[in-house]
Amino acid sequence: MYNEKILKLFKNPLNSGGLQGADGIGKYTDEVCGDCVKIYIKVDETQTITEARFKTMGSVGTIAASSAMCVCLVGCSLEEAIKIDYERIYQVTGEYPTSKLYCIDFVIKAVALAIADYHEKLEKDVKKNVNKLKAPSAKQTKVQTLENVQQQVPTSINVLETKQAELKQEEIEILEEKQDITTKEAKVKQVEATQQEKSLTLQERIEQEFFSDDLPQAKPQESTFLSDIDKVEFVEPKSEYSILNSPMFKKTITTTVTTTKKVDVVSKQEVISEEKRSSNAKAMFDSMFEE
């Protein structure tokens with residue numbers, strides 16, 4: 001059924017085994033026959049396949065086709081690899097029986113999956129690189145952080161100065177309030193003293209003014225009592241006792257004292273002086289009658 005080339009590749013397959021660090025891996029499993037083909041490829045910067053290997057579990061035709069496909073992939077670009085067909089495989093294996101062409105189909109599908117896997121990984125790598133380019137480096141982050149701090153420092157200084165000014169203003173207001181309180185307290189004390197003075201009754205004021213021992217003695221005034229006495233008409237007394245005790249004498253003395261001082265308010269010193277003058281006058285009259 002199979003030619004010698006196919007059998008030779010089955011017995012001694014080329015590029016068999018896994019590939020570490022493969023850029024693309026394609027795995028295809030047929031649900032009908034159960035054959036499983038896994039293709040590994042490595043791709044350089046020019047999108048050229050530099051190495052290809054396989055792992056296949058299946059029939060003779062599938063294993064031989066997998067080996068032949070890896071031979072054909074090496075040195076091909078990805079565009080050329082996706083276009084490999086039966087004719088290209090026949091150049092390595094010879095013609096396949098028509099009933100076994102599905103073995104080559106399994107391998108072609110596995111190669112397509114490997115190339116698709118390569119593109120997916122490449123796209124992810126590109127996205128990672130783009131993200132790396134967008135993401136700032138550690139130095140850039142430090143520089144940016146330093147710039148942000150430098151921008152925030154003037155703002156912090158302004159805030160601090162504003163707060164200091166507010167505190168000073170509050171201190172000034174507190175001092176003004178204290179001064180106002182002191183002034184109000186002084187006014188209250190003054191009002192209390194005024195009210196206390198006003199609360200003194202007339203009698204207390206008179207007692208303080210007239211009956212205080214600490215007050216200075218008033219200067220004695222020149223008495224007009226004797227001149228007033230000259231106006232009194234005396235009657236020749238029958239005896240000294242009768243004259244002193246006579247109603248006329250008492251009336252005369254009372255009239256003299258009354259006419260001497262007719263004032264509404266007198267001081268304590270003046271009252272005492274008048275009493276002394278009256279007693280002196282009485283003594284004088286006594287001495288006159290004794291003679």
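Predicted model: local features only at pLDDT ≥ 70, side-chain atom pairs only at ≥ 80, totals over all residues.
Begin with H2, which covers residues 60-73. How far apart are the end C-alpha atoms of H2? They lie 20 Å apart. At 1.5 Å a residue, the 14 residues of H2 should span 20 Å, so the two values agree.

Of its 14 residues, 12 are buried, so H2 is largely enclosed by the rest of the structure. The buried residues include Gly61, Thr62 and Ile63. Ala64, Ala65, Ser66, Ser67, Ala68, Met69 and Cys70 are also among them. Cys72 and Leu73 complete the list of buried residues in H2.

Two helices that meet H2 can now be traced. One is H1, residues 4-11. The axes of H1 and H2 come within 8 Å and cross at roughly 85°. An angle from 65 to 115 degrees counts as roughly perpendicular, and H1 and H2 are therefore roughly perpendicular to each other. On the H1 side, the contact is made by Ile6, Leu7, Leu9 and Phe10. On the H2 side, Val60, Ile63, Ala64, Ser67 and Ala68 take part. The residues of this contact divide into 8 nonpolar, 1 polar and no charged.

The other helix is H4, residues 86-93. H2 and H4 pack at an angle of about 100°, and their axes are 9 Å apart. That makes H2 roughly perpendicular to H4. Here Ala64, Ala68, Met69 and Cys72 of H2 meet Arg88, Ile89, Val92 and Thr93 of H4. The residues of the H2 and H4 contact divide into 6 nonpolar, 1 polar and 1 charged. Ala64 and Ala68 of H2 also meet H1.

Now turn to the core. In soluble globular proteins, nonpolar side chains tend to be buried together. In this model the largest nonpolar core has 34 residues. Which of them touch the most other members? They are Ile39, Ile41, Ile49, Leu73 and Tyr96. Seven elements are listed below as giving two or more residues to this core: H1, strand S2 (36-43), strand S3 (49-57), H2, helix H3 (78-81), H4 and helix H5 (101-134). H5 gives the most, with 10 residues.

Leaving aside neighbours within four places in sequence, Ile39 is in contact with Gly24, Ile25, Gly26, Arg53 and Phe54, among others. Its contacts also include Cys70, Leu73, Ala110, Val111 and Ala114.

Key:
Residues numbered from 1 in each chain as written. Heavy atoms only, no water. Axes fitted to C-alpha atoms, helices over the stretch in contact; angles between N-to-C directions. Helix = DSSP H or I, 4+ residues; strand = E, 2+ residues; numbered from the N terminus. Parallel < 35°, antiparallel > 145°, perpendicular 65-115°, else oblique. Contact = heavy atoms within 4.5 Å. Nonpolar A, V, L, I, M, F, W, Y, C, P; charged D, E, K, R; others polar. Expected span 1.5 Å × (residues − 1). Buried < 20%, exposed > 50% of the residue type's maximum accessible area, 1.4 Å probe, protein only. Core = buried A, V, L, I, M, F, W, Y, C linked by side-chain atoms within 4.5 Å.
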